[in-house]
Amino acid sequence: MFSHISGRVRLAATVLGTALALAGPVSLAQAAPLDNEPLATFTANARTNTAATAAWAAGTRAYLVITTPGDTSAVRTAVANNGGSVFASYDAIGVIVAHSTSASFAATMRGVAGVQKVGATRTSDVPADAYNPALPANPAQATAPTTEPVRSDMTQIKADQAWAVNQGSATVKVGILDTGVDDQHQDLAPNFNAADSVSCAYGKTDTRVGAWRDVDQHGTHVAGTVAAAKNGKGAIGVAPGVKISSVRIAEPGSTLFYAENTICGLVWAGDHGFKVTNNSYYTDPWQFNCPNDLDQAAILEGVGRAQAYAESKGSLQVAAAGNSNVDLANKTTDSSSPNDSTPVTRTLTNDCLDIPAELPGVVTVAANGTSGTSKASFSNYGSNVIEVSAPGESVYSTAPGGKYATLSGTSMASPHVAGVAALLASANPAYTPADIRAKLGEQATDLACPADARCTGTTAKNSFFGEGRVDALKAVGGSTPPAGAYFENLNDYAIADNSTVESPITVSGVTGNAPATLKVGVDIKHTYIGDLKVDLVAPDGTVYTLHNHTGSSTDNILQTYTVDASAEVANGVWKLRVNDNASQDTGRIDAWNLTF
């Protein structure tokens, strides 16, 4: 039921309109596709040597050759001279992806001047598909649902309240490093950024249209949790206003996330301005990479350099902690690796790392259970390893083909945090990755340890929840609604030129009249707000003007007004009325609320 996908996803296979049959483990947040939780253009920092990349042959294995960042030409020549071919090269971080059929290739290359580390990234052959990758299927789309319920996972992190303040900026790009994303899905297409999407399967970039599409369903589900559009259909993401790009790092068939794929994806993220990436997988085939193993030492170095490079370019990595219910701060044994051949049981030390989750600078995410205050039974934990937590059990989100599925795993928790990080970046464009990482913890809701001896630490910071459950409302600068009955309408109402539109809220259960300090929160997306007149209409028809053609060419009205409505009976239907009195600029009532 688990795979490398974060070791990190559990599948509840509840799907809208159809049942999703999920076969075989995928590495999820141990984070990978399902988690056993347990080729056209290249950036300036990535090159390929097409002359040296010969036709596929049985017995081809992949290696990371680590050298000094910068000019790797001498080492690339050495690869070719010692029975290998250069499949891809990331000069900015000094990492070369080499292929060879020679069993002595790694040992030979370790003796070459300028070579720092060499390691095999697999214990099975590179598939022939690496040399001529097939494009993933582009599934037919199901009929879109007509409802968009707000779910408990979103209310637990106060995303539903954050949407009334800031839904995220379209200038913020979030990379989904995963099994791919169905960009045609009605809930993802509005926010999908094809220009910065790519496949990194096999370790080099494939920018053909559609190469980024899903070879499973894991990545599409993750993408919806981050940024499914707020469009009245199916699901809403934590940050429905940001852009998402798919970086497919899982290989078809196996859905494994090898080191060269992860390196390619992280370098791409840095070079393409991703403010945040979500990483719900672990780097296959080793659930934990140990520095005393020559192959795994090269994997640690290569992936570590790629993460540091992405962070230096302004990208924060968020990663699932994994689904093996193990203490990452007290590792003992691993019996699940390598997962691309025959697993063996080996002894671990804490120097053996789940990557990218345990790399410096990465936000490591544990999963909360459905209550929002418990640790999900499968979630990994660990003192000073877990940064924050988020909902990860029975999470409803998008699935390929216009469908929806309910899944569980730290793979589902991580994208909640990536979404909150994207909201922080939207509200604070100057924030660095370190700033965002710090704020996620500072703003998190403290969760006390349950009656479980494995949970150590304080309510403010412990081994189950880190610094607590993330808070989307604080991320956008909002606060919990003040004391008093609170009502809201989150539905969108289009504001056409030279027209009037009303959004209703039905108030009930409030005794007597409205207060003299009735709070009216307004979120209107509209260019040139000088065109608009905005009124609060009481149940008896009395009109209270909130905004009257001011603001000139300013965009959007995001404000809380105080109205003396003490003459009005509180219960009844209140309306926000917006009148557009000019041509050329349109918009929508995005949300509004009343606090009595």
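At 26% relative accessibility, D295 counts as partly exposed, a class lying between buried (under 20% relative accessible area) and exposed (over 50%), as computed with a 1.4 Å probe on protein chains only. R110 falls into the partly exposed class with a relative accessibility of 30%. The side chains of R110 and D295 form a salt bridge with an N to O distance of 3.3 Å, the term denoting a side-chain nitrogen of Lys or Arg within 4 Å of a carboxyl oxygen of Asp or Glu. This pair connects distant parts of the chain, 185 residues apart: R110 lies in the loop between α2 (105–109) and β8 (115–120), and D295 in helix α7 (residues 294–312). Helices (H or I, at least four residues) and strands (E, at least two) are DSSP runs numbered from the N terminus.

The model is predicted, with local features requiring pLDDT of at least 70 and side-chain atom pairs counted only at pLDDT 80 or more, whereas totals for chains, interfaces and linings use all residues. Residues are numbered from 1 along each chain as its sequence is written, and side-chain values use heavy atoms, without hydrogens and water.

A salt bridge also joins R122 and E260, with the closest N and O atoms 3.1 Å apart. R122, in the loop between β8 and α3 (152–156), and E260, in helix α6 (residues 259–271), are 138 residues apart and link distant parts of the chain. Both residues of this pair, R122 and E260, are buried.

R151 and D153 meet through their side chains in a salt bridge of 3.3 Å, N to O. R151 is buried at a relative accessible area of 11%, and D153 is buried at 6%. Elsewhere, salt bridges with shared partners unite K230, D492, D523, K525, R588 and D590 in one network. Across the whole structure, the search finds 23 salt bridges.
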